[in-house]
Amino acid sequence: MVSFKRVGHIIVAITALGGAVALDHVALAQEPAATEALQQGSREQQLREQLKGILQELDDLQKGRESTLPPTEQPKTVTEKVSPEQAQVTGAIPEYELSDTSIVSTRFQKRPEGLSLSATDPSETDSQPTRTMKESMESLPGVVLRQANGPRDFSMMIRGQGAKTTFAIRDIKVYEDGFQQTQSDGLSRLDIQDPWFMRSVEVIRGASSSLYDNYALGGMVQFRTRRGSDINGVEMFGSGGSFGYHKEAMAVGKQYENLDASLFVSNVGEDGYIRHSNYSTQTINLNLRFRIDDKQNFYFKAITNWLDTFVPTRLTQSQFTFDHRQAGGAATCTVASCSDSERLAQRRLDRRTIVGGLYERQINASTVLTLEADYDVKDINQTFSQISDNVNPNFKHYADLRHDGRLFDMPLRSYVGFFLNNMEQESQTFQNLADGKGTRGTLIQNSRGTIRNVGGRFREELEIVPKVILAAGLGFEQSMLSVQAINYTGGANPAPISASRTFTNWAPEMSLSWKPAEAYRHWVRASTGYGIPGFGNLLRDPITGQPGTNFNLKPQKNANFEIGTESKLTQTLTVELVGFWTFFKDELISRAVSGSNVATVNADSSQYRGIEARYDWRPATGLRLTGAYTHIDAKYTNFSDQVNTAAGFLVRDGKNVPNVPTDVLNSKVAYDHWPTGWGAWVEGSYYNSYFLNNSNTFSIPSYVVANVNIHKNFELNNSWFRFAKIFFEVDNIADKKYAASGQVITGETAGAAALQQAFFAGYGRAFYGGVTLGLF
């Protein structure tokens with residue numbers, strides 16, 4: 001739909017562009033012809049980028065004005081219907097990349113240069129209403145998610161970073177719509193992210209602390225929810241399937257002249273594939289984007305999640321072989337008759353709420369200021385071999401200033417930021433009476449701690465010659481951590497311990513990018529990351545493994561080097577290939593000291609190197625073939641391990657770093673017949689075997705799993721129903737028995753390691769179906 005007024009605005013903008021280019025031509029008339037052509041092309045490219053933003057803003061303004069007029073007074077329009085097939089083949093419907101659009105408004109905002117960045121396609125959550133984020137994110141290279149303690153709780157790994165985490169996410173920074181989801185102690189959980197709310201997920205791979213500060217050792221993940229303009233009414237979603245799975249959800253969204261509003265609500269429950277894994281979880285996500293005036297925007301966001309889930313115990317090798325769906329043993333139970341997770345009543349009763357605001361102001365045509373502040377509270381009550389009650393109130397803030405200018409007639413994009421966050425922790429730990437009810441026994445420990453991070457960052461991106469961009473950045477952060485704890489023996493005999501540490505970290509980064517054509521990008525990058533220890537790491541004596549202060553623990557750091565290319569080889573084929581080499585220094589690992597006593601130590605050095613590959617081929621209308629492959633070779637280069645004090649130290653140099661998958665492949669073939677609304681896809685995932693212990697004597701088996709989906713879209717266009725989308729899916733169609741998740745275990749020999757609790761079973765064959773209704 002093209003408005004005559006909008007055409008006028010476009011003509012004026014294009015005229016301005018042409019005039020600017022012409023003025024540049026006159027100003028450079030005395031330069032040599034070759035230099036003049038290069039500089040003019042560079043200036044033209046910069047103006048075209050600014051023009052995208054101007055046209056988008058003019059379009060939004062015009063739509064807003066027209067929507068307020070009576071139908072008889074609205075401008076006449078010329079409508080040109082473009083089918084999805086035409087859009088796919090000819091590119092008739094232009095789209096901005098999500099990463100090039102402001103989170104607050106619809107303003108064009110260029111993404112940082114020289115990064116390995118990939119994003120899920122909206123179809124991953126449209127034709128495939130996923131139960132977890134793993135189902136859509138496994139289509140991205142370099143990213144691995146593995147089941148943890150809950151229905152949507154997954155550990156995440158990017159290029160091997162975060163591999164040793166057995167629950168939640170560490171060593172990776174997580175955001176949703178620009179709001180930081182990672183708390184100040186470095187912990188992130190996916191419980192709060194409902195896949196049906198999402199439009200896309202973006203991942204920056206490789207150390208990125210110069211951009212995202214503490215804990216960005218593996219990179220950054222940004223979840224983007226659907227906007228009100230994407231929903232444009234009311235959507236109702238219902239699905240059900242195997243093992244008692246059911247989900248009910250609603251989305252309400254609309255774009256008005258000065259407001260884009262979206263509200264998501266969901267309720268999900270399941271009996272669980274593994275026994276003692278039944279759960280119920282509810283999520284609310286509210287997004288209000290206000291356009292204050294032509295230069296100011298404000299974004300209000302509120303998320304809350306309630307989770308009530310039972311948690312099984314990981315299985316030993318013999319338990320997995322005998323019955324991979326069992327709840328698992330509990331060796332640390334305090335009564336002789338205890339033999340499984342039901343006796344301990346292992347459970348998570350957690351609540352998480354985030355409320356915040358993000359303000360964006362365009363100071364002038366080239367400068368934008370962004371301010372963010374949020375309050376994030378996590379209230380957890382978890383019953384395992386011990387029972388923990390923990391509250392973490394967290395205040396987070398950042399301020400960013402972006403400017404597009406010139407340096408000696410070379411385009412320069414500048415970025416400077418400041419951040420401050422503060423988290424408190426108050427916790428109590430009790431004995432689990434193991435009576436099948438999760439009853440609290442005597443007090444074992446109470447603690448209170450504070451962590452405060454403050455720092456700044458800047459980045460410059462200079463187009464040194466046309467289509468070649470040199471980027472350099474530097475991040476600085478000071479982290480102050482203090483914690484006091486009192487340990488009790490038999491509920492008495494208090495033994496106080498404490499730790500107070502200050503860590504200072506710097507994170508430089510540099511990259512060089514070359515864009516020879518619109519759909520081609522080649523880059524080299526050197527970047528760094530860092531992550532400080534947490535409360536628990538500092539409260540265990542590294543010599544005895546008993547409660548005490550760990551005085552010598554240092555932040556873990558890494559240096560990432562990569563070279564990559566992303567190219568549209570033909571109109572229908574896009575490929576990406578990246579090689580990386582990451583050097584890790586002082587990696588934080590848990591080491592057995594004596595018996596069951598474990599302490600955190602620094603592994604001197606290790607290295608992770610590998611390749612990431614991705615392809616997207618659309619050879620015919622509606623047909624799409626995609627795939628992602630990751631290979632990682634992770635080894636210790638200088639590390640002496642200890643399994644107990646009697647055995648002394650064991651040299652691990654040259655050993656594989658445990659729990660790092662060596663080869664991961666995901667491939668998908670999808671076909672959508674636009675005229676009829678029918679579509680289907682088939683997908684396969686392969687994980688190679690990899691070691692789980694430092695001695696490299698015990699490994700998790702390799703596996704292949706295939707899924708198939710069929711879906712149908714109905715365009716109804718009546719007064720009550722706009723559309724209906726139905727789907728039916730079969731996961732693990734071969735009913736493959738496999739271990740979907742492992743963890744780092746002790747045990748020097750294969751026999752000793754086989755007695756350790758290592759595996760969570762993956763789901764067997766499962767059937768799911770559902771429908772989305774678009775109302776009024």
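This is a predicted model: local features need pLDDT of at least 70, side-chain atom pairs count only at pLDDT 80 or more; totals for chains, interfaces and linings use all residues.

Visitor: Which residues lining the largest cavity are the closest to its centre?
Guide: The lining of the largest cavity is made of 42 residues. The ones closest to the centre are R131, T132, Q147, F154 and Y763.

Visitor: And which element gives the most to that lining?
Guide: Several elements give two or more residues to the lining of the largest cavity, among them α5 (134–137), β12 (259–270), β30 (678–687) and β33 (703–715). With four residues, the one that gives the most is β30.

Visitor: How do the lining residues of the largest cavity divide into nonpolar, polar and charged?
Guide: Tyr and Cys count as nonpolar in this scheme, and Gly as polar. Sorted that way, the lining of the largest cavity has 20 nonpolar, 13 polar and nine charged residues.

Visitor: Let's go outside. What accessible area does the nonpolar patch on the surface have?
Guide: The patch is formed by I464, V465, L470, M510, L512, V524 and I563. Strands β19 (440–465) and β21 (492–514) each supply at least two of its residues. Together, the patch residues have an accessible area of about 550 Å².

Visitor: Is I563 buried or exposed?
Guide: I563 sits in strand β23 (residues 556–568). The cut-off for exposed is over 50% relative accessible area. I563 has 54% relative accessibility, so this residue counts as exposed.

Visitor: Which has a positive phi in a loop, and is Y215 buried or exposed?
Guide: Most residues other than glycine have a negative phi. Y215, in the loop between α6 (209–212) and β9 (219–225), has a positive phi near 80°. Its relative accessible area is 4%, and buried means under 20%, so Y215 is buried.

Visitor: What about N493, buried or exposed?
Guide: N493 also has a positive phi, near 50°, but lies in strand β21. Because its relative accessible area is 56%, N493 is exposed.

Visitor: Last one: how far apart in space are N717 and G774?
Guide: N717 lies in the loop between β33 and β34 and is exposed, at 61% relative accessibility. In sequence, N717 and G774 are 57 residues apart. In space, C-alpha to C-alpha, the distance is 9.5 Å.

Terms used: Residues are numbered from 1 along each chain as its sequence is written. Side-chain values use heavy atoms; hydrogens and water are left out. On a 1 Å grid over the protein atoms alone, a cavity is a set of points where a 1.4 Å probe fits but cannot get out, and a pocket is an open set with protein on both sides within 12 Å along at least five of seven lines; lining residues have an atom within 4 Å of a point. Patches are made of residues with over 30% relative accessible area and no salt bridge: like charges are joined within 9 Å, nonpolar side chains (Val, Leu, Ile, Met, Phe, Trp, Tyr) within 5 Å. Accessible areas come from the Shrake-Rupley method with a 1.4 Å probe; for residues, only the protein chains shown count as cover. A salt bridge is a side-chain nitrogen of Lys or Arg within 4 Å of a carboxyl oxygen of Asp or Glu. Buried means under 20% relative accessible area, exposed over 50%, partly exposed in between (1.4 Å probe, protein chains only).
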